[in-house]
Amino acid sequence: MDHSLITTSTSLEGYKITKHLGIVRGITVRSRSALGNIAGGFQSLFGGRLSIYVELCENTREEAYQLLIQHAQAIGANGIINMRYDANEIMQGITEVLAYGTAVVVEKI
(Lines give C-alpha, C1' and ligand atoms only; values in the text may rest on other atoms or scores of the structure.)
Protein backbone atom coordinates (compact mmCIF):
# COMPACT_ATOMS: atom_id res chain seq x y z
CA MET A 1 0.00 0.00 0.00
CA ASP A 2 1.23 3.47 -0.88
CA HIS A 3 1.76 5.24 2.46
CA SER A 4 0.67 8.53 0.88
CA LEU A 5 -2.83 6.97 0.69
CA ILE A 6 -3.06 6.76 4.48
CA THR A 7 -4.36 9.89 6.15
CA THR A 8 -5.93 11.26 9.30
CA SER A 9 -8.24 13.28 7.06
CA THR A 10 -11.65 12.22 5.75
CA SER A 11 -10.51 12.36 2.13
CA LEU A 12 -7.44 11.96 -0.06
CA GLU A 13 -6.74 14.98 -2.24
CA GLY A 14 -6.49 14.04 -5.89
CA TYR A 15 -8.35 10.77 -5.33
CA LYS A 16 -11.98 9.72 -5.44
CA ILE A 17 -13.20 7.23 -2.85
CA THR A 18 -15.09 4.58 -4.78
CA LYS A 19 -15.80 2.20 -1.92
CA HIS A 20 -15.75 2.20 1.89
CA LEU A 21 -14.73 -1.21 3.21
CA GLY A 22 -15.15 -0.54 6.91
CA ILE A 23 -12.99 -0.21 9.97
CA VAL A 24 -9.55 -1.79 10.00
CA ARG A 25 -7.12 -2.05 12.87
CA GLY A 26 -3.71 -3.17 13.94
CA ILE A 27 -3.17 -3.99 17.58
CA THR A 28 -0.12 -4.94 19.57
CA VAL A 29 0.57 -5.38 23.26
CA ARG A 30 4.00 -4.68 24.69
CA SER A 31 5.71 -4.64 28.06
CA ARG A 32 8.86 -2.98 29.29
CA SER A 33 11.66 -5.35 30.19
CA ALA A 34 13.32 -5.16 33.59
CA LEU A 35 16.58 -4.15 31.88
CA GLY A 36 14.75 -1.46 29.90
CA ASN A 37 13.19 -0.12 33.09
CA ILE A 38 16.58 0.05 34.78
CA ALA A 39 18.13 1.86 31.81
CA GLY A 40 15.12 4.20 31.54
CA GLY A 41 15.30 4.90 35.27
CA PHE A 42 18.98 5.70 34.97
CA GLN A 43 18.32 8.06 32.04
CA SER A 44 15.56 9.81 34.00
CA LEU A 45 18.08 10.74 36.71
CA PHE A 46 19.69 13.14 34.25
CA GLY A 47 16.44 14.50 32.77
CA GLY A 48 15.74 15.20 29.13
CA ARG A 49 14.80 12.75 26.40
CA LEU A 50 14.37 9.14 27.52
CA SER A 51 15.61 7.39 24.39
CA ILE A 52 14.94 3.89 25.77
CA TYR A 53 11.23 4.64 26.09
CA VAL A 54 11.06 6.68 22.87
CA GLU A 55 12.42 3.71 20.94
CA LEU A 56 9.98 1.32 22.63
CA CYS A 57 7.02 3.59 21.85
CA GLU A 58 8.11 4.18 18.25
CA ASN A 59 8.61 0.45 17.60
CA THR A 60 5.25 -0.37 19.15
CA ARG A 61 3.40 2.23 17.07
CA GLU A 62 5.18 1.09 13.91
CA GLU A 63 4.15 -2.51 14.57
CA ALA A 64 0.50 -1.49 15.08
CA TYR A 65 0.68 0.66 11.91
CA GLN A 66 2.04 -2.22 9.81
CA LEU A 67 -0.67 -4.55 11.15
CA LEU A 68 -3.27 -1.91 10.21
CA ILE A 69 -1.94 -1.85 6.66
CA GLN A 70 -1.95 -5.66 6.46
CA HIS A 71 -5.58 -5.76 7.62
CA ALA A 72 -6.61 -3.13 5.03
CA GLN A 73 -4.81 -4.94 2.21
CA ALA A 74 -6.38 -8.26 3.24
CA ILE A 75 -9.86 -6.85 2.60
CA GLY A 76 -8.90 -5.21 -0.71
CA ALA A 77 -8.26 -1.59 0.32
CA ASN A 78 -5.69 0.62 -1.33
CA GLY A 79 -6.15 3.52 1.12
CA ILE A 80 -7.03 4.30 4.72
CA ILE A 81 -8.78 7.45 5.91
CA ASN A 82 -9.42 8.75 9.45
CA MET A 83 -6.33 6.89 10.70
CA ARG A 84 -5.75 7.20 14.46
CA TYR A 85 -3.72 5.72 17.31
CA ASP A 86 -4.95 4.79 20.76
CA ALA A 87 -3.08 3.32 23.71
CA ASN A 88 -4.28 1.78 26.95
CA GLU A 89 -2.44 0.34 29.88
CA ILE A 90 -3.81 -3.18 30.39
CA MET A 91 -1.94 -3.62 33.65
CA GLN A 92 1.13 -1.98 35.13
CA GLY A 93 3.92 -2.12 32.58
CA ILE A 94 1.79 -3.70 29.83
CA THR A 95 0.37 -1.42 27.17
CA GLU A 96 -1.90 -2.00 24.20
CA VAL A 97 -1.40 0.18 21.12
CA LEU A 98 -4.11 0.30 18.50
CA ALA A 99 -3.88 1.85 15.04
CA TYR A 100 -7.25 2.12 13.33
CA GLY A 101 -9.03 3.79 10.46
CA THR A 102 -11.48 3.32 7.61
CA ALA A 103 -10.36 1.14 4.72
CA VAL A 104 -11.23 2.54 1.30
CA VAL A 105 -10.73 1.89 -2.37
CA VAL A 106 -9.64 5.02 -4.18
CA GLU A 107 -8.87 5.97 -7.75
CA LYS A 108 -6.83 8.91 -9.01
CA ILE A 109 -8.93 11.78 -10.34
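**Reading burial, contacts and a pocket**

Mentor: Let's begin with Ala64, which is found in helix H2. Keep in mind that this is a predicted model.

Trainee: Why is Ala64 called buried?

Mentor: Buried means under 20% relative accessible area. Ala64 comes in at 0%, so it counts as buried.

Trainee: And which residues is Ala64 in contact with, leaving aside neighbours within four places in sequence?

Mentor: Ala64 is in contact with Gly26, Thr28, Val97 and Ala99. Contact asks for heavy atoms within 4.5 Å, so each of these four pairs meets that cut-off. There's also a C-alpha separation to look at: Ala64 and Tyr100 are 36 residues apart along the chain, with their C-alpha atoms 8.7 Å from each other.

Trainee: What about Thr60: where is its place, and what makes it buried?

Mentor: Thr60 is in helix H2, which covers residues 51–74. Its relative accessible area is 5%, and the limit for buried is under 20%, so Thr60 is buried. Not counting residues up to four places away, Thr60 touches Thr28, Arg30 and Val97.

Trainee: Let's move to Val29. Is it buried, partly exposed or exposed?

Mentor: Val29, found in strand S1, has a relative accessibility of 46%.

Trainee: What does Val29 touch, not counting residues up to four places away in sequence?

Mentor: Val29 touches Ile90, Ile94, Thr95 and Glu96. As for Glu63, 34 residues away along the chain, its C-alpha atom lies 9.8 Å from that of Val29.

Trainee: How much space lies in the largest pocket?

Mentor: About 220 Å³. It is lined by 14 residues, and the closest to its centre are Leu56, Cys57, Thr60, Thr95 and Val97.

Trainee: Which element gives the largest share of that lining?

Mentor: H2 does, with 5 residues. At least two lining residues each come from strand S1 (15–31), H2, strand S2 (79–91) and strand S3 (94–108). By residue type, the lining divides into 6 nonpolar, 4 polar and 4 charged.

Trainee: Zooming out, in what order do the elements of the chain run from the N terminus?

Mentor: They run β-α-α-β-β, with 2 helices and 3 strands in the chain.

Trainee: What share of the 109 residues counts as buried?

Mentor: 27% of them. Residues such as Ala64, at 0%, belong to that group because the cut-off is under 20%. The accessible surface of the chain comes to about 6,900 Å², and 54% of that belongs to carbon and sulfur atoms.

Trainee: And which share of contacts between residues at least 6 apart joins residues at least 24 apart?

Mentor: That share is 70%.

Trainee: Where in the chain is confidence lowest, and where is it highest?

Mentor: It is lowest in helix H1 (residues 34–46), with a mean of 56, and highest in S3, at 96. Local features need a pLDDT of at least 70, and the H1 mean is under that, so treat local detail there with care. Across the chain, the average pLDDT is 88, and 82% of the residues score at least 70.

Technical notes. Residues are numbered from 1 along each chain as its sequence is written. This is a predicted model: local features need pLDDT of at least 70, side-chain atom pairs count only at pLDDT 80 or more; totals for chains, interfaces and linings use all residues. Side-chain values use heavy atoms; hydrogens and water are left out. Helices (H or I, at least four residues) and strands (E, at least two) are DSSP runs, numbered from the N terminus. Buried means under 20% relative accessible area, exposed over 50%, partly exposed in between (1.4 Å probe, protein chains only). Accessible areas come from the Shrake-Rupley method with a 1.4 Å probe; for residues, only the protein chains shown count as cover. On a 1 Å grid over the protein atoms alone, a cavity is a set of points where a 1.4 Å probe fits but cannot get out, and a pocket is an open set with protein on both sides within 12 Å along at least five of seven lines; lining residues have an atom within 4 Å of a point. Grid points are joined across faces, edges and corners, and a volume is the space filled by probe spheres set on the points. Ala, Val, Leu, Ile, Met, Phe, Trp, Tyr, Cys and Pro count as nonpolar, Asp, Glu, Lys and Arg as charged, and the others, Gly among them, as polar. pLDDT is the predictor's confidence in each residue, from 0 to 100.
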